[in-house]
Amino acid sequence: MNKCVIVRGGGDIATGTIYKLVKSGFQVLVLEVEKPSAIRRNVAFCQAVYEGEFTVEDMTCVLVSSIEEAKEVMSKNQVAMMVDPKGEVISQIEPIALVDAILAKKNLGTTMDMAPITIGLGPGFCAGKDVHVVVETMRGHNLGRLIYDGYAFPNTGIPGNIKGYSKERVIHSPCEGVCHNTKRITDIVEMGEIIAYIGDTPVYASMSGLLRGLIQDGYYVTTGFKMADIDPRVNEYQNCFTISDKARCIAGGVLEAILHGLS
């Protein structure tokens, strides 16, 4: 499996990297948790954990339960996904590269000895210590830049600005409990409209716009958990189904890091 890259995490940013790698001729195995928490689910391969398989743009990700199944799926230029949050299969596969794309803002267990080339996306990794390379994930001039010594910019906790809206675009759970959605991704919502319930507690739209991100129905959230995302550009419907510019830029950095490591 000398063309295999393992990607830890299958959220929307990770999906950009996975897509780029497969299109560039690599085989990709994604390792996910039992209940992924991505909110931009229409463009996140991790949705395959819930649905068995999931297609983003023109690429399909298939949930598998064994390495043999993974090999078969990858041989068809599809993405294979396994539920393996601890990365227990990594040593059995011996990938040429490993990408930690969990975006947890901290290292959840990735080490340099997991693969000949190890790459961490965003804050929480030290290049040269935790991983070989860190890819910058903060929007701006350095987005996608490779860091071979030290850290990416620290997390600011401030969402990207769209048409003057930033923090108000993101909705967090007002309490702890099971989420039951009343709206779906692509719906146009008005400020103050109910988009979901946490138990009996309503969750309101923080602004008017296009609902482009909403956590999986039935997900158990904690207080303050990020659970929805609203885009003020109501005419950007197609963006709900396509990989973002940020994800593609980061993917370019990952591909560069791998090709450089192989040269």
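Which residues touch the most other members of the largest nonpolar core? The views below start there. The model is predicted, local features need pLDDT of at least 70, side-chain atom pairs count only at pLDDT 80 or more, and totals for chains, interfaces and linings use all residues. Residues are numbered from 1 along each chain as its sequence is written, and side-chain values use heavy atoms, with hydrogens and water left out.

**View 1. The largest nonpolar core and Val 7.** Val 5, Val 7 and Ile 119 touch the most other members of this core, which has 42 residues. A nonpolar core is a set of buried Ala, Val, Leu, Ile, Met, Phe, Trp, Tyr and Cys residues joined through side-chain atoms within 4.5 Å. Buried means under 20% relative accessible area, exposed means over 50%, and partly exposed lies in between (1.4 Å probe, protein chains only). Leaving aside residues up to four places away in sequence, Val 7 touches Ala 14, Ile 18, Leu 21, Val 28, Leu 29, Val 30, Leu 31, Val 99 and Ala 101; contact means heavy atoms within 4.5 Å. A second, separate core of 22 residues includes Val 203, Ala 205, Ala 228 and Cys 240.

**View 2. Strand S6 (residues 97-100) and the strands it pairs with.** Strands (E, at least two residues) and helices (H or I, at least four) are DSSP runs, numbered from the N terminus. Two strands pair if DSSP finds at least two bridges between them. Strand S1 (residues 4-8) runs parallel to S6 and is joined to S6 by 4 bridges, with Arg 8 opposite Asp 100. S6 and S7 also pair in the parallel sense, over 4 bridges, and here Val 99 stands opposite Ile 119. Ala 97 and Val 99 point one way from S6, Leu 98 and Asp 100 point the other way, and all are buried.

**View 3. Strand S15 (residues 209-214).** S15 is largely enclosed by the rest of the structure, because 6 of its 6 residues are buried. Strand S12 (residues 188-189) is antiparallel to S15, with 2 bridges between them; Ile 188 has Leu 210 as its bridge partner. S15 also pairs in the antiparallel sense with strand S17 (residues 226-231), over 4 bridges, where Leu 214 stands opposite Ala 228.

**View 4. The buried side of helix H3 (residues 67-74).** Ile 67, Ala 70, Val 73 and Met 74 are buried in H3. These residues cover an arc of only 120° around the axis, which puts them on the same side of H3; the arc is that of the directions from the helix axis to the C-beta atoms. The buried residues of H3 pack against S1, strand S2 (27-32), strand S4 (59-63), strand S5 (79-83) and helix H4 (90-93).

**View 5. A salt bridge between Glu 57 and Arg 248.** The closest N and O atoms of this pair are 2.7 Å apart. A salt bridge is a side-chain nitrogen of Lys or Arg within 4 Å of a carboxyl oxygen of Asp or Glu. Glu 57 lies in the loop between strand S3 (53-56) and S4, and Arg 248 in helix H5 (residues 245-262), so the pair ties together parts that are 191 residues apart in sequence. Glu 57 is partly exposed, at 31% relative accessible area, and Arg 248 is partly exposed at 37%.
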